[in-house]
Amino acid sequence: MAIQSGGSGSYGEVWLGTAKWQYNVNALYQLPKGYSVSANLQGRQGFAIPYFHEGNFSDYDGATSTQHVQIGSVENERYATMTMLDLKFGKTFRMEGDTVVDIGLEVFNALNDDTVMQLGREVNSDSVYNEIRQVMSPRIIRLGATITF
């Protein structure tokens with residue numbers, strides 16, 4: 001079963017719920033002297049790509065409306081498998097009293113995977129058919145600090 005996402009509306013017509021498998025593995029290792037390293041690996045089968053033909057159809061009164069007619073089964077075509085690895089390196093400093101400073105370097109999408117997340121699905125439109133509309137975010141590196149007191 002495929003469910004159309006309400007989503008943010010930024011890309012429209014995103015279909016969810018069609019991955020048959022997924023995984024999420026994470027680990028944290030605390031090193032001496034307040035250092036830590038952690039990782040999160042997640043992946044899933046690519047979502048289905050429900051291609052469609054857009055056409056104008058008339059009802060009994062002669063009124064015309066545009067309809068999307070799905071081509072084949074929702075399961076016929078899929079996006080590529082999505083895999084993402086996030087890493088974090090941290091250091092904790094204990095200051096006077098209850099004050100703690102945590103400094104972290106985080107790397108999101110460390111493998112810099114560029115999986116296509118959404119394509120144009122209207123087969124009778126040369127301008128949008130298989131047009132790449134969304135790709136997974138590139139590698140992002142963030143340096144941050146948190147002060148707790």
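1. Let us begin with a pair of strands: β7 and β8 run antiparallel and are joined by eight bridges. Strands here are DSSP runs of E with at least two residues, numbered from the N terminus, and two strands pair if DSSP finds at least two bridges between them. Within this pair, Phe93 of β7 has Val101 in β8 as its bridge partner. Five residues lie between the two strands of this hairpin, where Gly97 takes a positive phi near 65°.

2. A word on the source: this is a predicted model, in which local features need pLDDT of at least 70 and side-chain atom pairs count only at pLDDT 80 or more, while totals for chains, interfaces and linings use all residues. Residues are numbered from 1 along each chain as its sequence is written, and side-chain values use heavy atoms, leaving out hydrogens and water.

3. Moving on, β8 also pairs with β11, again antiparallel, through nine bridges. Gly104 stands opposite Gly144 of β11. Ile140 belongs to β11, which covers residues 140–148. Leaving aside neighbours within four places in sequence, Ile140 is in contact (heavy atoms within 4.5 Å) with Glu106, Val107 and Phe108.

4. Now for the salt bridges (a side-chain nitrogen of Lys or Arg within 4 Å of a carboxyl oxygen of Asp or Glu). The whole structure holds two of them. In one, Arg142 joins Glu106, with the closest N and O atoms 2.9 Å apart. This pair links distant parts of the chain, since Arg142 sits in β11 and Glu106 in β8, 36 residues apart. Glu106 counts as buried at 18% relative accessibility, whereas Arg142 is partly exposed at 44%. Buried means under 20% relative accessible area, exposed over 50%, and partly exposed in between, using a 1.4 Å probe and protein chains only. Glu131 and Arg133 form a salt bridge too, at 3.4 Å from N to O.

5. Have a look at the surface as well: Phe89, Phe93, Met95, Ile103, Leu105, Ile141 and Leu143 form a nonpolar patch with about 670 Å² of accessible area together. The elements giving two or more residues to this patch are β7, β8 and β11. Patch residues have over 30% relative accessible area and no salt bridge, with nonpolar side chains (Val, Leu, Ile, Met, Phe, Trp, Tyr) joined within 5 Å and like charges within 9 Å. Areas come from the Shrake-Rupley method with a 1.4 Å probe, and for residues only the protein chains shown count as cover. Phe93 is partly exposed, at 35% relative accessible area.

Terms used. Helix = DSSP H or I, 4+ residues; strand = E, 2+ residues; numbered from the N terminus.
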